[in-house]
Amino acid sequence: MIAGNSAPDLSVSERASGTMAVQLRGVHKTFGSVKAVRGIDLTMRSGEVVAFLGPNGAGKTSTIDMILGLSQPTKGDVAVYGMAPRRAVTKGLISAVMQTGGLLKDLTVRETIEYTSNLFAVSRPVDEVLERAGITRIANRLVGKCSGGEQQRLRFAMALIPDPELLLLDEPTQGMDVEGRRDFWQAIRDDAALGRTIVFATHYLEEADAYADRIVLISKGRIVADGTATEVKALASGRTIRATLFHADEALLRAMPGVDEVEIRGETIYVHSGDTDAVARRLLSETTAHDIEITSRGLEDAFIALTTNGSDGADSDGKVAQ
Amino acid sequence: MTPQSSLAEALGRPAPPLGGFSLAVVRLEIRRLMRNRRTMVLAIAMPIIFFLAFGRNSAYVHQSAGRGNVTAFEMISIALFGAVFATATGGAMVSIERALGWSRQLRVTPLSPMAYIAIKMLTSLTLAAGAVSAVYLIGAVTNQASMPTYLWVVTGLCVWIGSLLFSALGLFIGYLLPSENVTQIISLVLMLCAFAGGLFIPISHFPGTDATLAKLTPLYGLNELVHYPLVGGQFDWAWVLNLALWLGVFVFGAVWQFRHDTARV
């Protein structure tokens, strides 16, 4: 269903309006013989909440590192608000919540924030940031004595210090318990509501589904799907129409656009299609079908289907050695 | 938060001056250091104990060493030990912070590598100043170390500034063994170097071959150099050579280890 070498870009509002938050053009990243990123083109507008979804080793972290200026693409270029990533970092336009590590155990929570705050030309007040990340209560605790979830919220607070336009989170809830994860996402959600552009990498499907406006599915260093959660689900598995239709003509149903499966059980028909909207329109106008329901399969199905297809595609276009 | 400042406004934000260097951060680093009891004991308390134990040998007080007495000579040696421990620990902190991922975290802030090094150097130098001052203060209070007043200042400054070179040793050891117990390893290594380099017992007291070997150890050159203002006499370029060679070894080792794990950061 999806060609391996041209990732479909389904984002409806792909308009050239305003300043692009992030622009990646033909980006490749190679570590020795390992091709971590193999040609990514991606544009993110201001205000989007984007999930980089993909299995471990898909190239999510490598891509984020390049957006942050932590590493340089082997080929292609990266621009953040139209400038080099490092410049955007020095202006405090982008900041990040890293996966693990990156904290000094012998500083207190407040001192860590003060430390970070002193490195920027412009920063939000320390107390405000502590409050937003929900760690005011533990401000005087040594970082080494904080739980994993508390440390992650501290990383989040550090990222808020420069009041960045774009916030990147790399697997932000890895290793957190359910409650910690929920609290953390609550803080992020509150923050996103204020209009900040947020990009997060995750391999938890439910996180991408619940918190992102747009999902960029990455597999083996490429984008294999890009769209809203609903669009991505539809991409992999299509959707299913269930309708009531007397004397259904199977041949007619099969001839409709994008239909790949038809099942007739008495007076109920099940039509599986990649373009259920078009099928529904025709069912309503050309047949006596009624009680139409359209359901999509879970994101998990989409994820498995697309990341598996993606690897096939990569093999077929000959870019993988072997 | 973001809507408070429009995007256009945000794009016009300045980068911080001096690559993000700030004295407030130096103060936080010093506070961090003082919180580390082990480092404080090794850098400040131990040299004081050494001075009280070795330096006040009654024979030394009446023995002269150049423009002062042997107690002053010993005081300089022991201050050097404390100062070198302080700067080596500071160097090791750089490599450990890299292993911890803190350096990576700092790379998503405006802080430039040069500003980071400057912050670390100032922090190390503050601890080294504490070590030198503590030993000199005890030397003055016990009233046994004797040398002209200007030499207290000159030798103190030589020890203080010279010790900075040993941050390279700490950097190397830190990259080699990035563990949080690195201060203990450094104190052990420096203790051996200090004995071998004649900091606790003057090399002139060593038997023949041992004295020759001692001249090849890392602290020998610097130790002789910081004593020169007190002792005077013939200047020996071998001291400078010893210091330069060992500094080269440490810097090379640190760079080699740094390259070794670059992929991680």
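Author: This is a predicted model. The contact between the chains takes 36 residues from chain A and 30 residues from chain B. On the side of chain B that touches chain A, helix 1 (7-11), helix 2 (23-35) and helix 6 (102-106) of chain B each supply at least two residues. Helix 2 of chain B gives the most to that side, with 5 residues.

Reader: Why is helix 3 of chain A called roughly parallel to helix 5 of chain A?

Author: Helix 3 (residues 109-117) and helix 5 (residues 148-160) of chain A pack at an angle of about 25°, and their axes are 9 Å apart. Angles under 35 degrees count as roughly parallel, so helix 3 of chain A is roughly parallel to helix 5 of chain A. The crossing of these two helices is right-handed.

Reader: Which residues make the contact of helix 3 of chain A with helix 5 of chain A?

Author: Helix 3 of chain A brings Val109(A), Thr112(A), Ile113(A) and Thr116(A), while helix 5 of chain A brings Leu154(A), Ala157(A) and Met158(A). By class, the residues of this contact are 5 nonpolar, 2 polar and no charged.

Reader: What makes strand 8 of chain A mostly covered?

Author: Strand 8 covers residues 214-219 of chain A, and 6 of its 6 residues are buried. Both faces are covered: Arg214(A), Val216(A) and Ile218(A) are buried on one side, and Ile215(A), Leu217(A) and Ser219(A) are buried on the other.

Reader: How do you know which strands pair with strand 8 of chain A?

Author: The test is at least two bridges between two strands. Strand 3 (residues 49-53) of chain A and strand 8 of chain A have 4 bridges, in the parallel sense. Strand 9 (residues 222-227) of chain A is joined to strand 8 of chain A by 5 bridges, and these two strands run antiparallel. Both counts meet the test, so strand 8 of chain A pairs with strand 3 of chain A and with strand 9 of chain A.

Reader: What stands opposite Leu217(A) in these pairings?

Author: Leu53(A) stands opposite Leu217(A). In strand 9 of chain A, the bridge partner of Leu217(A) is Ala225(A).

Reader: Where is Lys220(A) found, and why is it called buried?

Author: Lys220(A) is in the loop between strand 8 and strand 9 of chain A. Those two strands form a hairpin with 2 residues between them. Lys220(A) has 23 other C-beta atoms within 10 Å. The cut-off for a buried residue is 20 or more, so Lys220(A) is buried. Its phi is positive, about 50°, although Lys220(A) is not a glycine.

Reader: Why does Leu18(B) count as exposed?

Author: Leu18(B) has 11 C-beta neighbours inside 10 Å. A residue is exposed at 12 or fewer, so Leu18(B) counts as exposed. Leu18(B) is found in the loop between helix 1 and helix 2 of chain B. Leu18(B) is not a glycine, although its phi is positive at about 55°.

Reader: And why is Ile161(B) called partly exposed?

Author: Ile161(B) has 13 other C-beta atoms within 10 Å. The C-alpha atoms of Ile161(B) and Leu127(B) are separated by 12 Å, and the two residues are 34 residues apart along the chain.

How values were computed. Residues are numbered from 1 along each chain as its sequence is written. Chains are lettered from A and ligands numbered from 1 in the order in which they are written. This is a predicted model: local features need pLDDT of at least 70, side-chain atom pairs count only at pLDDT 80 or more; totals for chains, interfaces and linings use all residues. Two residues are in contact if their C-beta atoms, placed from the backbone, lie within 7 Å. Axes are lines fitted to C-alpha atoms, for helices over the stretch in contact, and angles run from 0 to 180 degrees between N-to-C directions. Angles under 35 degrees count as roughly parallel, over 145 as roughly antiparallel, 65 to 115 as roughly perpendicular and the rest as oblique. A crossing is left-handed if the near helix is turned anticlockwise from the far one by less than a right angle, and right-handed if clockwise. Ala, Val, Leu, Ile, Met, Phe, Trp, Tyr, Cys and Pro count as nonpolar, Asp, Glu, Lys and Arg as charged, and the others, Gly among them, as polar.
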